[in-house]
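Student: Please take me through one part of this model closely, and then show me what surrounds that part. Plain terms will do.

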Amino acid sequence: MSSKTDDQLALAAGLTAKTQQLCLGLESGAADILDLVTPTTAELLLWWFGEDMVLARQGLNFHAGQKQAILNAIVAHEVLGQERDHWTLLDLYQACAPDALLTGNRMNEVASPKHAHPKYCFKMATGTGKTWVMQALMVWQLLNKTAALAEGINDARFTRLFLVVAPGLIVYERLLDAFCGKLVAGSTGRDFSTSDVFKFADLFVPEAYRDAVFAFVRGNVCSKAEIGLKATGNGMIAITNWHLLAEGEVLDDTVEDVEALGAPLDPHLVVGAVLPLTPGRATGNSLDVLDRRYARGNVLEYLAGLPELMVFNDEAHHIHEFKREGETTEVEWQKSLSRIAATKGRRFVQVDFSATPYNDVGSGKNKRKLYFPHIVVDFDLKSAMRAGLVKSLVL
């Protein structure tokens, strides 16, 4: 790993070192972190990582990369961010890697408005179980928010409102399977007993909370067509692919990935900007197209109006930025996130998962990887291979 890469991943290194220090003795229940988190979080940490529970589950446990990701998130968001009216990416750098702010343009970058809320990126190799980390963090948030509200406290660190964003339809369907269970043959219903949270409940949720967690998931998951329309109970888990939030950048949500080349706009796109509810040429006067475009605006307004929200972006490198003439530029999708975040302050939390959280910039000999500035854990392919989690690559 080059020194330049080390500089770009300084936040992950600093936070990991701080987390490991706080978690010394966690397996035996004697770690400092247990005194710095809520009683609910302490109970979860001992359930997930306590030696007795790990042995009792006989192999059904988080591996080292997942464990570090979960612990880093809790330290960054709950421990370091407690008793703060605001908690931004700049604040996290100042707490974990202040020297990194002195290199290059890092200070100006992390102080930009799009980083003015809690923002964490998990660099985890493909196939190392990012979805399990996502679900563990959701349980942590949900149970803490529930406990706080029961005591009359509206703790800004926790929420029961979640948005899960996939890069395309294949991952979108996998996420629905993970949260709701697989489709029942011959119907549109799903078998909840095949969902991750139910199948692996012995890992994710202490017994006393299972009924409540199951009820929450079953009653509050919204597909992309239901966001803002489905009546949910005491929270929301909205699952969509990123096209729904693209604010007109992409009209066809069956497209898996889009490369924006920075060419001048076609005349029909200019007309579309002026008359945004004109149907596409390929579909004639299809009302379905008009409905989808109208609904996209409604979904953005609905999400922007929520008092708080935690967004999980799966495979986030697909949807963050694109290159135009060698430079990286914010995509419309990220602008939508900034709009949703605008009124929420630290009550908007962005959690990104990616095996390759970087953009290639420059060309030829000057080509280099520009890593996302908010990477808080680095579990790379070499680490995953050493741990036996992914097979070695054969050329």
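**Trp48 and the packing around it**

Tutor: Leaving aside residues up to four places away in sequence, Trp48 touches Val54, Arg57, Asn61, Phe62, Ile70, Ile74, Ala136, Trp140, Leu203 and Phe204, where contact means heavy atoms within 4.5 Å. The model is predicted, so local features need pLDDT of at least 70 and side-chain atom pairs pLDDT 80 or more, while totals for chains, interfaces and linings use all residues. Numbering starts from 1 along each chain as its sequence is written, and side-chain values use heavy atoms, without hydrogens or water.

Trp48 also belongs to the largest nonpolar core, which has 78 residues. A core is a set of buried (under 20% relative accessible area, 1.4 Å probe, protein chains only) Ala, Val, Leu, Ile, Met, Phe, Trp, Tyr and Cys residues joined through side-chain atoms within 4.5 Å. Trp48 is among the members touching the most others, along with Ile33, Leu45, Phe122, Phe179, Ile237 and Phe312. Helix H8 (residues 130-150) gives the most to this core, ten residues; a helix is a DSSP run of H or I, at least four residues. Apart from this core lies another of 21 residues, including Cys222, Ile227, Met236 and Leu306.

Ile70 and Ile74 are on the contact list of Trp48, and helix H5 spans residues 64-79. H5 packs against helix H2 (residues 10-22) at about 90°, with axes 9 Å apart; axes are lines fitted to C-alpha atoms over the stretch in contact, and angles run from 0 to 180 degrees between N-to-C directions. The two helices are therefore roughly perpendicular, a label for 65 to 115 degrees. Gln68 lies in H5 and counts as buried, at 16% relative accessibility. Beyond four places in sequence, Gln68 touches Thr16, Thr19, Gln20 and Val377.

Notes: Angles under 35 degrees count as roughly parallel, over 145 as roughly antiparallel, 65 to 115 as roughly perpendicular and the rest as oblique. Buried means under 20% relative accessible area, exposed over 50%, partly exposed in between (1.4 Å probe, protein chains only).
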